[in-house]
Amino acid sequence: MAVDMRLPARKQSFLPAVRSSSDGKHLVVPGDVITSDPGFMRGHGTYMDDEKLTASVAGEVERVNKLICVRPLKTRFNGEVGDVVVGRITEVQQKRWKVGTNSRLDSVLLLSSVNLPGGELRRRSAEDELTMRDYLQEGDLISAEVQSVFSDGALSLHTRSLKYGKLGQGVLVQVSPSLIKRQKTHFHNLTCGASIILGNNGYVWIYPTPGHQDEEAGGYYTSLEPVPLSDREIISRMRNCLLALAAHKVMLYDTSILYCYESSLTHQIKDILKPEIVDEIVMETRQRLLDQEG
């Protein structure tokens with residue numbers, strides 16, 4: 001049996017590349033004084049110490065008029081209205097589902113906030129409440145959109161569009177929410193043959209590009225047909241590329257993922273996560289992104 005052994009070696013530093021990409025950003029660590037001007041208001045991630053505004057978390061300073069806050073670089077998901085999320089059903093309750101979305105509190109998906117099978121538009125009845133487990137049950141993965149935020153910070157979700165709903169066969173990758181780049185759309189059909197959902201909460205779903213969608217199912221139809229070997233290899237390669245980009249703190253969006261995928265084609269799928277190969281493909285991806293930005 002072949003064994004892959006690696007001797008210890010000094011890890012290469014990518015700090016110059018990180019510094020060049022973060023020019024113009026004011027980064028602070030806990031205890032750093034942001035300003036001593038009393039005219040500014042204290043926001044999230046800050047506190048007053050001897051009449052000086054001081055950071056309480058490590059992150060980037062954001063200023064909106066006279067309000068100063070610090071956005072943490074690594075934190076739980078703080079959802080906003082309109083965010084696309086990928087979550088897992090954790091509990092079925094009366095007229096609602098509890099959904100784990102990598103936030104401080106479980107999110108809520110109300111029975112009135114989902115499409116009924118067949119796209120019916122009517123009030124939800126007691127029969128619908130009794131058949132909730134036929135729609136979604138514990139352990140199911142869903143894609144949804146944040147509809148509102150409760151006063152305690154919990155999120156209210158909805159799946160009233162056919163692009164949202166129950167997820168079928170694919171691979172879930174968990175990364176930090178701060179690595180997901182906000183875009184107009186987070187659903188991408190990539191040219192390599194796979195599709196991807198980039199959840200703002202740090203959950204990324206990779207799945208085979210569907211040939212057609214059954215609109216009569218109302219977002220609850222999941223294909224259980226065997227996935228071809230070629231599609232599984234594409235999904236596995238993309239999953240390893242996502243982990244490589246996340247390990248080097250590269251922002252995740254369709255272009256960066258596709259560039260990393262193309263850079264990894266010269267290597268076998270099982271070799272992509274080796275440290276020296278990860279450094280090589282991530283460096284090539286960063287260079288292509290810099291060339292694109294001009």
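Which residue of strand 5 does Thr35 stand opposite? Thr35 faces Leu53. The model is predicted: local features need pLDDT of at least 70, side-chain atom pairs count only at pLDDT 80 or more, and totals for chains, interfaces and linings use all residues. Residues are numbered from 1 along each chain as its sequence is written, and side-chain values use heavy atoms, with hydrogens and water left out.

Strand 2 and strand 5 (residues 52-55) pair in the antiparallel sense over two bridges. Strands here are DSSP runs of E, at least two residues, and helices are runs of H or I, at least four residues, numbered from the N terminus. Pairing requires at least two DSSP bridges between two strands. Three strands make up an open antiparallel sheet, in the order 2-5-4. Strand 2 (33-35) and strand 4 (46-49) are its edges, each pairing on one side only. Neighbouring strands of this sheet are turned by 45° against each other on average, direction ignored; axes are lines fitted to C-alpha atoms.

The largest nonpolar core has 33 residues. Such a core is a set of buried Ala, Val, Leu, Ile, Met, Phe, Trp, Tyr and Cys residues joined through side-chain atoms within 4.5 Å; buried means under 20% relative accessible area (1.4 Å probe, protein chains only). Ile196, Val204, Ile206, Met238, Leu242 and Ile257 have the most contacts inside this core. Strand 16 (194-198), strand 17 (203-208), helix 4 (229-247), helix 5 (254-263) and helix 6 (275-293) each give two or more residues. Helix 4 supplies the largest share, eight residues. Another core, of 18 residues, lies apart; it includes Leu109, Val114, Val146 and Leu157.

Key. Axes fitted to C-alpha atoms, helices over the stretch in contact; angles between N-to-C directions. Buried < 20%, exposed > 50% of the residue type's maximum accessible area, 1.4 Å probe, protein only.
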